[in-house]
Amino acid sequence: MKLIMLGAPGAGKGTQAKKIAEKYGIVHVSTGDIFRANIKNGTPLGMEAKKYMDAGGLVPDELTVRILLDRVAQDDCKNGYVLDGFPRTIPQAEVLDQELTKLGDKIDYAIDVNVPDEAIVERMGGRRACVKCGATYHIVNIPPKKEGICDVCGSELILRDDDKPETVQKRLDVYHEQTQPLVDFYQKKGVLKEVDGTKQMQEIFDEICGILG
Ligand code: AP5
Ligand code: MG
């Protein structure tokens, strides 16, 4: 099974993608997580990506596509994957489509997690992410058992640099301009499924499972 999670920054793509990956035994591939891991390790890729991410912009397509195609070509992706945060532009979607077609393959579903902008701004300010394993929390909605500490691995929780309010607004603008057109793109391919991302996490997950079967 090959899936794409669409949705604004903070819509809950990562939250749902992790649960889907676990239940269906497929790999969760988040380009944002890959970039953040590289930033943390101080790699050249990380340093390049950080310039764009901290400003709330997109990392250039060429770089992002190369990273993504390398990742999904690895052995563990043979049984399928759920892409979270990719594609984010029409050119990215077109390259993915061409590569899959070459392999005689295709995307099964693109799941659009729908959340209005006002709700996004509230969510992002409260999000905390683990510096080590990338698990995410929300200080009110999904608090960790111990404040500031990751339930999964015991590392420190931080506010992402790009979750500062002024950067969130910029990310939303970029989303509407460059990423939202993908909803139409996948609708035309007949694989689009919409879910209401303002519901409770578990309710959304149940709805997605109903779609995936
Ligand atoms: P990325 O890491 O993909 O960030 P994003 O799309 O902005 O998405 P987020 O991770 O912020 O949100 P999410 O939808 O995963 O929400 P989450 O589940 O955490 O990308 C970061 C940057 O990297 C980009 O800005 C760009 O610069 C670069 N980049 C990445 N991919 C790229 C690409 N393909 N091309 C170019 N550049 C790229 O949930 C959010 C919060 O809400 C959490 O606190 C969570 O606990 C809470 N929450 C989740 N669900 C619910 C719910 N149902 N109710 C209440 N709270 C909820
Ligand atoms: Mg995410």
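1. Valine 59 is buried, with a relative accessible area of 8%, where buried means under 20% relative accessible area, exposed over 50% and partly exposed in between, judged with a 1.4 Å probe and the protein chains only. This is a predicted model, in which local features need pLDDT of at least 70 and side-chain atom pairs count only at pLDDT 80 or more, whereas totals for chains, interfaces and linings use all residues. Residues are numbered from 1 along each chain as its sequence is written, chains are lettered from A and ligands numbered from 1 in the order in which they are written, and side-chain values use heavy atoms, with hydrogens and water left out.

2. Where does valine 59 lie? Valine 59 sits in the loop between helix H3 (44–54) and helix H4 (61–72); helices (H or I, at least four residues) and strands (E, at least two) are DSSP runs, numbered from the N terminus. Leaving aside neighbours within four places in sequence, valine 59 is in contact with Phe35, Ala49, Tyr52, Met53 and Thr64, contact meaning heavy atoms within 4.5 Å. With alanine 49, ten residues apart along the chain, the C-alpha separation is 5.7 Å.

3. The loop between strand S3 (81–84) and helix H5 (90–102) holds proline 87, which is joined to phenylalanine 86 by a cis peptide bond with omega about -5°. Threonine 89 lies in the loop between S3 and H5 too, and at 4% relative accessibility threonine 89 counts as buried. Its side chain makes a polar contact of 3.1 Å with the side chain of aspartate 61, a polar contact being a pair of N or O atoms within 3.5 Å; within protein, one must be able to donate a hydrogen and the other to accept it, and residues adjacent in sequence count only if both atoms are side-chain atoms. A polar atom of the threonine 89 side chain also lies 3.1 Å from the backbone nitrogen of glutamine 92. Not counting residues up to four places away in sequence, threonine 89 touches Leu58, Asp61, Gln178 and Leu182.

4. Is aspartate 162 buried or exposed? Aspartate 162 is buried, with a relative accessible area of 9%, and is found in the loop between strand S7 (157–158) and helix H7. A polar contact of 3.0 Å links the side chains of aspartate 162 and arginine 160. With residues up to four places away in sequence not counted, aspartate 162 touches Met53, Thr167, Val168 and Arg171.

5. In soluble globular proteins, nonpolar side chains tend to be buried together. A nonpolar core is a set of buried Ala, Val, Leu, Ile, Met, Phe, Trp, Tyr and Cys residues joined through side-chain atoms within 4.5 Å. The largest such core here has 23 residues, of which Met5, Ile20, Val82, Ile120 and Ile208 touch the most other members. At least two residues of this core come from each of strand S1 (2–7), helix H1 (13–24), strand S4 (109–114), helix H6 (117–126), helix H7 (165–179) and helix H9 (201–212), and the largest share, five residues, comes from H9. Apart from this core lies another, of 22 residues, with Val72, Cys77, Tyr81 and Leu100 among them.

6. Isoleucine 208 is found in helix H9 and is buried, with a relative accessible area of 0%; not counting residues up to four places away in sequence, isoleucine 208 touches Met5, Gln16, Ile20, Ile111 and Val195. Valine 82, leaving aside its neighbours within four places in sequence, is in contact with residues including Leu3, Met5, Ala17 and Ala21.

7. Which residues come nearest to ligand 1? Of the 36 residues around ligand 1, these are Thr15, Gly57, Arg88, Arg127 and Arg171, where a residue is near a molecule or strand if one of its heavy atoms lies within 4 Å of it. A nitrogen atom of ligand 1 is 2.7 Å from an N or O atom in the side chain of threonine 31, and a nitrogen atom of ligand 1 is 2.9 Å from a polar backbone atom of glycine 85. Taken alone, ligand 1 exposes 1,000 Å², of which the protein buries 96%; accessible areas come from the Shrake-Rupley method with a 1.4 Å probe, and for residues only the protein chains shown count as cover.

8. The largest share of the shell around ligand 1, four residues, comes from H2. By class, the shell has 13 nonpolar, 14 polar and nine charged residues, counting Ala, Val, Leu, Ile, Met, Phe, Trp, Tyr, Cys and Pro as nonpolar, Asp, Glu, Lys and Arg as charged, and the others, Gly among them, as polar.
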